[in-house]
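Take a look at the sequence and the structure, then read on.

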Amino acid sequence: MQSSLDILRHVFGYPEFRGQQQAIIEHIASGGDALVLMPTGGGKSLCYQIPALMRRGTAVVVSPLIALMQDQVEALRQLGVEAAFLNSSQAPDEQAEVEHRLMAGELKLLYVAPERLMGGRLLAMLGQLELALFAIDEAHCVSQWGHDFRPEYRQLTVLHERFPQVPRVALTATADAPTRREMVERLALEEAEQFVSSFDRPNIRYSVVHKDNPKRQLRDFLAAHRGESGIVYCMSRKKVESTAEWLAGQGMAALAYHAGMDAAERAANQQRFLREDGIVMVATIAFGMGIDKPDVRFVAHLDLPKSMEGYYQETGRAGRDGLPAQAWMAYGLSDVVTLAQFIARSEAGEERKRLERAKLDALLGFAETAVCRRQRLLAYFGESLAEACGNCDNCLEPPETWDATEAAQKALSCVYRTGQRFGVGHLVDVLRGSQSKRMEELGHNHLSTYGIGQDLDDHQWRGIFRQLVARGLLEPDMDGYGTLRLTSCAREVLRGEERLQLRREATRAQSRRRAGSGNRAALDIDRAESPLWEALRSTRARLAKEQGVPAYVIFHDATLLAMLREHPTTLDALGAISGVGERKLEHYGEAFLEVLQQAEAAGAA
Ligand code: ADP
Ligand code: ZN
C-alpha cells in the first residue's frame with residue numbers, strides 16, 4: 001500500500017496533513033468505519049479520496065448535488081485520478097460509458113446521487129466489483145429536522161447490509177448533537193469511530209454593523225472587495241432582486257439567486273458564480289448547499305439569519321481555501337421585529353415557537369455582544385476558545401462598555417409611559433424631546449419622560465433599545481408595527497435592583513467614520529505585486545476556459561498566492577509549492593513558469 005503522505009504530496013501536491021486528516025485516512029484505509037465532523041473548508045474530501053487511492057478497488061461516493069459531483073470529479077481528473085459520476089443529468093450513452101468503465105475496473109472513484117445508487121441495478125453491478133469504500137458526503141441529509149433533508153439518504157443502510165466488509169465513512173459540517181445522533185442511527189454507524197474537529201474557522205473575520213443606511217453600508221463594504229467573489233444574503237426574494245439590480249446599476253458584477261426564479265436562469269447564475277472570478281451573488285438561503293467554491297472571499301448578511309446554526313453555515317461558505325475571508329452582517333431592530341413576528345405567526349406548535357424564539361435570542365446576543373464574537377459563536381456550539389480571537393470586530397476595536405442603568409431606566413419607563421404602543425422611532429423622539437406636531441397630538445410632550453434623553457443622540461438611543469431587546473428586557477409586539485413592550489425582567493432594572501452594563505454606542509458621526517475600519521480586501525495584494533498577480537490569474541483563467549472548468553480547478557488562490565510570494569523560477573521549485581502536484585506540474589508548470597520568469601526579467605530590467 002502506498003503511504004498516505006506520499007499520495008498527499010505527489011498527487012495533491014500538499015506538504016502536510018491538516019488536523020485529523022491523517023488519523024481518519026489511516027483508520028479508513030485499514031478497513032474501519034468513520035463518522036467525520038469537520039467544518040466547511042476543513043478538508044473532508046481528502047479523508048475519503050486518499051483511502052480510495054490506498055485501497056484496492058473502486059470507492060463509491062454518495063453526494064446529494066449534481067454540481068458538487070461534477071466539480072469534484074473534474075478536480076480529481078486534473079490530478080490524474082480516474083474518477084467519474086453517475087446522475088440524472090447525463091444522457092443514456094454517457095451513463096453507459098461510465099458503467100462500462102466501472103465494470104472494467106478502471107475507476108478509482110465513482111460519485112453517485114443517492115437515488116441512482118438505490119435504483120437497484122447499480123447495486124447489483126457493485127456486487128460484482130471489488131469496492132474500496134463507501135463515502136457518504138453531506139451525511140446530515142439523513143436528518144429530517146435539518147433543512148437539507150433527502151429521503152433517499154434514509155435507504156443508505158442498505159450499503160451496510162449488502163456490503164458488510166466494505167468500510168463506510170460519513171462526512172458532514174453540521175455539528176449539533178441531535179443531528180449527530182440521527183446520522184449514527186440512520187446510517188447504522190454505531191460501530192464507527194467518530195472524528196470531531198474544532199468548528200473554528202480562524203481565517204474568517206466576523207463583524208457586525210448596525211443598520212443605518214443598509215445600501216450605503218453594503219456598497220462601502222463591497223468597495224473594499226472589488227474583483228473578489230462573495231455572497232450577499234437577504235431574507236426575501238424581492239429584496240434579493242432589488243439588491244442585485246441596484247448593485248449591477250453601480251457597476252458591480254452582481255447576480256441574483258432565489259427559489260422563485262426560473263430553474264434555467266438560476267442554474268445559469270450559479271454556473272457563472274462558480275466559473276467566473278469576482279461575481280457577487282445576491283441570494284436567499286436557497287443558495288449555498290454544495291457550493292464548494294474555495295475562493296468565496298466574503299459572505300455578507302443584509303438581514304439577520306434565522307439562527308446561529310444558519311449564520312454559521314452561511315458564513316462558513318467563505319474562505320474554504322483557508323485564506324483570509326470576511327463575514328459581515330448589518331442588522332437592525334426591524335429585523336428582530338420581522339423575525340419575531342414570523343415565528344409568532346407560523347403554524348408551528350407552542351413548543352416549536354419557543355425553540356425558534358430561543359434561537360433568535362441567541363443570535364441577538366451574538367449580534368450585540370461586546371466580547372469576542374468567535375468565542376461567543378463557538379460557545380453556542382459547545383466549544384470553548386480559551387483566548388479572544390484577535391480576528392473579529394470586537395477584538396480588533398474593543399467596544400467600550402458603561403454603566404447604562406440610568407439610560408436604560410429612562411428608555412424602559414418611556415415605553416411604559418407611552419402605553420407600550422410605540423416603536424423605537426417614536427420612543428427616541430419622546431426621549432429627545434422632539435417638537436413635532438405628532439408629539440402634541442398624542443400629548444406625549446407632557447410625559448415625565450419627554451426630553452429627558454438629550455444627552456445622547458438618536459443613533460445612541462437606538463443602540464440602547466436594541467441592546468435592551470437583545471437582553472430580553474423589551475420584546476417586539478407581534479402586531480408587526482415594531483411596537484416594543486416590557487418583559488417581566490424589565491422590572492428589576494426599573495426598580496434599580498439590577499445594574500446594567502451596555503456597550504457604548506457611537507454617535508451617528510462616529511459610526512460613519514468608523515464604518516470602513518477592519519474592512520479591507522481579503523487577500524491584501526499590494527500594488528507592487530499586482531501586475532504579477534493579475535498575470536497569474538489571467539493565465540489560470542485562460543487554461544480554465546480552454547477546458548471549460550472553473551478557475552480554481554486549475555489552481556486555488558492559495559497556490560497562486562504562494563507562487564506570487566515565493567516566486568519559483570524553476571520547475572522543481574514550482575513543484576514544491578503547496579497545491580502543485582505532479583500531474584499539474586506536468587500540465588501547467590511551463591505556462592506559469594513563463595509568467596514568473598517574465599516578471600523576474602521585467603523586475604531586473
Ligand atoms: P470540505 O469538504 O471539508 O469543506 P474540502 O475537502 O473542499 O473541504 O477542502 C477545502 C480546501 O482545503 C480544498 O481547497 C482542499 O484542496 C484544501 N486542503 C485540504 N486538505 C489540505 C491539506 N492537507 N493541505 C492543504 N490544503 C488542503
Ligand atoms: Zn474575537
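Start with one residue. Lysine 211 sits in the loop that links strand E8 to helix H10 (214-223). The model is predicted, and every distance below is computed from it.

What does the side chain of lysine 211 touch? One polar contact, of 3.2 Å, goes to the side chain of aspartate 303. Another polar contact, of 2.9 Å, goes to the side chain of aspartate 335. Neighbours within four places in sequence set aside, lysine 211 also has Gln217, Lys239 and Leu302 among its contacts. Ala330, Tyr331 and Gly332 belong to that list too.

**The sheet with E8**

Strand E8 is part of an open sheet of 6 strands. The order is E8-E13-E12-E9-E11-E10, and the pairing is parallel. Which strands stand at the edges? They are E8 (204-210) and E10 (254-257). Each has a single partner strand, so one side of each is left without a neighbour in the sheet. From one strand to the next, the twist averages 20 degrees.

Look inside this sheet at E9 (residues 229-233) and E11 (residues 280-283). These two strands run parallel and are joined by 4 bridges. Tyrosine 233 has alanine 283 in E11 as its bridge partner.

A helix crosses here as well. Helix H12 (residues 263-275) lies across E9, E10, E11 and strand E12 (296-301). H12 runs at about 135 degrees to E10.

**The sheet with E1**

Another open sheet has 7 strands. Its order is E3-E4-E2-E5-E6-E1-E7, again with parallel pairing. Strand E3 (83-86) and strand E7 (193-196) are at the edges. Each of them pairs with a single strand, so one side of each has no neighbour in the sheet. Neighbouring strands are turned by 20 degrees against each other on average, direction ignored.

Strand E1 (residues 34-37) runs parallel to E7, and 4 bridges join the two. Within this pair, leucine 37 stands opposite valine 196 in E7.

Helix H4 (residues 66-78) lies across E3 and strand E4 (109-112), at about 165 degrees to E3. Helix H5 (residues 92-103) lies across strand E2 (58-62), E3 and E4. The angle of H5 to E3 is about 130 degrees.

**The ligand**

Which residues are closest to ligand 1? They are Tyr14, Gly41, Ser45, Arg320 and His556, out of 15 residues that surround the ligand.

| Residue | Protein atom | Atom of ligand 1 | Distance |
|---|---|---|---|
| Arginine 18 | polar side-chain atom | oxygen | 3.1 Å |
| Glutamine 21 | N or O atom in the side chain | nitrogen | 2.9 Å |
| Glycine 43 | polar backbone atom | oxygen | 3.1 Å |

How much of ligand 1 is covered? Taken alone, the ligand exposes 560 Å², and the protein buries 86% of that.

**The domains**

Now step back to the whole chain. The chain is divided into domain 1 (4-196), domain 2 (204-396), domain 3 (401-503) and domain 4 (530-604).

How do domain 2 and domain 4 meet? In this pair, 11 residues of domain 2 are in contact with 11 residues of domain 4. Taken over C-alpha atoms, the centres of domain 2 and domain 4 are separated by 32 Å.

Technical notes: Residues are numbered from 1 along each chain as its sequence is written. Chains are lettered from A and ligands numbered from 1 in the order in which they are written. This is a predicted model: local features need pLDDT of at least 70, side-chain atom pairs count only at pLDDT 80 or more; totals for chains, interfaces and linings use all residues. Side-chain values use heavy atoms; hydrogens and water are left out. Two strands pair if DSSP finds at least two bridges between them. Axes are lines fitted to C-alpha atoms, for helices over the stretch in contact, and angles run from 0 to 180 degrees between N-to-C directions. Contact means heavy atoms within 4.5 Å. A residue is near a molecule or strand if one of its heavy atoms lies within 4 Å of it. A polar contact is a pair of N or O atoms within 3.5 Å; within protein, one must be able to donate a hydrogen and the other to accept it, and residues adjacent in sequence count only if both atoms are side-chain atoms. Accessible areas come from the Shrake-Rupley method with a 1.4 Å probe; for residues, only the protein chains shown count as cover. Domain bounds come from an automatic or database domain assignment.
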